[in-house]
2 protein chains.
Amino acid sequence: MQNKNSAITMDAVYTAPGYLFRRMQQIAVSIFIEECRTFDLTPVQFAALVAIHTHPGIDATRLSAVIAFDRSTLGNVIERLETKHHIERKPSRDDKRIKLLYLTKAGAALLRDIMPTVDRAQARMLQPLKPADRKTLLALLTQLVDLNNEASRVPLRAEDALEHLGKSG
Amino acid sequence: MQNKNSAITMDAVYTAPGYLFRRMQQIAVSIFIEECRTFDLTPVQFAALVAIHTHPGIDATRLSAVIAFDRSTLGNVIERLETKHHIERKPSRDDKRIKLLYLTKAGAALLRDIMPTVDRAQARMLQPLKPADRKTLLALLTQLVDLNNEASRVPLRAEDALEHLGKSG
DNA sequence: TGTTGATTGACAGTATACTTACAATATGGC
DNA sequence: GCCATATTGTAAGTATACTGTCAATCAACA
């Protein structure tokens, strides 16, 4: 909202939720990359590894729904993870369009090893707040993301995405 | 944090602050673009226009500090705004390295006209929350972004960035 | 004055994050 | 079985968001 004079100041930017979300995302990625630099893994690559670990044999389309990540971009992410030998793609016998995703041994080991570092990175993001405020912020944010799910171009579809899974391979 | 069995589940993603910030950023951009589609303006382009309006004759480096936006990427943003005739670049007489940024008449008019739409977009992002919760979330987020400012690769330098301004052109 | 070091904008490279379009393949209705 | 429709992965195009590097320029100092 502008003030009563409708004068446009930098407050139109600094106090806008959208600006704060963008800044916080920048900061979060920066902290994650810095903490995990020895593992050479980005936040999205980490999310993909966790999802593939949790749902071995998932395909790219379902993976995108599970981590709420655009399907087209995910193609590049999968490619990079494959180049780094963290995952492998296997053709499905039942559906020739589909490529099934699995962690390699190295990928599974990496995921196991990186967990404490990721936990530390996540904690660092909220560190400056008092513990009670951290809980409040997380609760409100979780609520808001959930209620706004359909507003995003790639809504999270954790459940339905996996309904038809497990019958291919 | 993982549970006591250290089993890796999707909760390692879904409950992580970093994931929530990413989701919220996706949602915020999506809402902004959707509301402002008739104006063909992105959130960052909007922030740049506001900053140039507030500080006519600013250069690209200072602009990047004022909106906490990477200097390299900002070059492309400026280029697009110039192509759309919303801003113009003029060489500085005092410093041949610098190009001074100004809104065009059309750019100023666009900025004036888009304000209500941007306000509506910003309001929509927090709409699902109760009014009291919106205030709480905004306050905590503002605090967190401020306290984490130095953690980002492009810290906000609203004040210092403008200290040496106004002597060129 | 002249040279060193900093600043500025531009560029190349990587990685999200989205759009639309397309060919190969699969599915459901007939 | 055949065909319209849908799904899947891929690719091209746009826009952030960052890393580096580089040449031109400027500023400060010996």
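**A close look at one helix**

Tutor: Let's get the setting first: if you take the contacts in chain A between residues at least 6 apart in sequence, 57% of them join residues at least 24 apart (a contact means C-beta atoms, placed from the backbone, within 7 Å). Keep in mind that this is a predicted model, so local features need pLDDT of at least 70 and side-chain atom pairs count only at pLDDT 80 or more, while totals for chains, interfaces and linings use all residues. Residues are numbered from 1 along each chain as its sequence is written, and chains are lettered from A and ligands numbered from 1 in the order in which they are written.

Chain A has eight helices and two strands (DSSP runs numbered from the N terminus: H or I of at least four residues for helices, E of at least two for strands). Along the sequence they run α-α-α-α-α-β-β-α-α-α. Of its 169 residues, 37% count as buried (20 or more other C-beta atoms within 10 Å of a residue's own; 12 or fewer is exposed, and in between is partly exposed, with C-beta atoms placed from the backbone).

The part I'd pick is α5(A). This helix has 13 residues and reaches 19 Å from its first C-alpha to its last, close to the 18 Å expected at 1.5 Å a residue (the expected span is 1.5 Å times one less than the number of residues). Its buried residues are Val77(A), Ile78(A) and Leu81(A). Looking down the axis of α5(A), these buried residues fall within an arc of 100°, so they line one face of the helix (the arc is taken over the directions from the helix axis to the C-beta atoms). Among the elements covering them are α3, α4, β1 (87–91) and β2 (99–103) of chain A. On the face turned away from that buried side sit the exposed residues Ser72(A), Gly75(A), Asn76(A), Glu79(A) and Thr83(A). After α5(A) comes His85(A), with a positive phi near 60°.

Now for the DNA. There are 26 residues around DNA strand C, and Thr42(A), Asp70(A), Ser72(A), Lys96(A) and Asp59(B) come nearest (near a strand means a C-beta atom, placed from the backbone, within 6 Å of it). The biggest giver is α5(A), with five residues. By class, this surface has six nonpolar, 10 polar and 10 charged residues (nonpolar is Ala, Val, Leu, Ile, Met, Phe, Trp, Tyr, Cys and Pro; charged is Asp, Glu, Lys and Arg; polar is the others, Gly among them).

What about DNA strand D? Of the 28 residues around it, Asp59(A), Ala60(A), Thr42(B), Ser72(B) and Lys96(B) come nearest. Here α2 (17–35), α4 (60–66) and α5 of chain A, together with α3 and α5 of chain B, each supply at least two residues. The largest share, five residues, comes from α5(B). This surface has six nonpolar, 11 polar and 11 charged residues.

How are the two chains related? Chain B can be laid on chain A by a turn of 180° and a shift of 0.0 Å along the axis, with an RMSD of 0.0 Å (least squares on C-alpha atoms of residues with pLDDT of at least 70 in both copies). That is the relation of a two-fold axis. Between them, 55 residues of chain B are in contact with 55 residues of chain A. On the chain B side, α2(B) gives the most, with 15 residues. That side divides into 36 nonpolar, 14 polar and five charged residues. And 100% of the interface residues of chain B are also interface residues in chain A, so the copies meet through the same surface.

Beyond its neighbours within four places in sequence, Leu137(B) is in contact with Leu137(A), Leu140(A), Leu144(A), Leu126(B) and Leu129(B).

How values were computed. Contact = placed C-beta atoms within 7 Å.
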